[in-house]
Amino acid sequence: LCLGNNTITHAFIKVDWTVTSDERDKADIVSMAHGLDVIENINPINFVWDTRTDYWDIPDTVDEDGNKNITKHDSDGSKKQSENLRTGFSAQNVKAALDAVGWKGNSVVNSEDLENLKITHTNIIPFLVNAIKELSAKVKALEAA
């Protein structure tokens, strides 16, 4: 399901998504080993959107082969949404943090389309939980010393 496109800049809902997560529907369950080792290498960023596709010339018609001959221009900053400061992550940075520990799969950073990397932010939460547990254990050890 894909809702919207690059022109959609907001989505509102009165309740949060409820995602199926019943253990009875899962197999090969093992404790996750990563936490702080990943989180320490993720850098939250402030940014404004300057979407690449806003710079493309997309014709209304197709050529004789049924293709649209899209002319791609480089971003020059003239179409950035500077009035709408955002916070978030760079998919490239998160992927690098995951690659550094040998994490496999597309559940956090989906890189199936290398031209449009995507992040599922909620899938970062297990790493955060493990990082908190690791830091909590360190605090308890320091307090006991």
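In what order do the elements of the protein run from the N terminus on? The order is α-β-β-α-β-β-α, which makes three helices and four strands. Here helices (DSSP H or I, at least four residues) and strands (E, at least two) are runs numbered from the N terminus. The model is a predicted one, with local features needing pLDDT of at least 70 and side-chain atom pairs counting only at pLDDT 80 or more, while totals for chains, interfaces and linings use all residues. Residues are numbered from 1 along each chain as its sequence is written, and side-chain values use heavy atoms, with hydrogens and water left out.

On to overall dimensions. The radius of gyration of the protein, taken over C-alpha atoms, is 20 Å, whereas a compact globule of 145 residues would come out near 15 Å (the rule being 2.2 Å times the number of residues to the power 0.38). Along the principal axes, the C-alpha atoms fill a box of roughly 70 × 40 × 35 Å.

Of the contacts (heavy atoms within 4.5 Å) between residues at least 6 apart in sequence, 64% join residues at least 24 apart.

Then there is D28, in the segment before α1 (36–39). Most residues other than glycine have a negative phi. D28 is not a glycine, yet its phi is positive, at about 55°. This residue is exposed (over 50% relative accessible area), with a value of 75%.

How values were computed. Buried means under 20% relative accessible area, exposed over 50%, partly exposed in between (1.4 Å probe, protein chains only).
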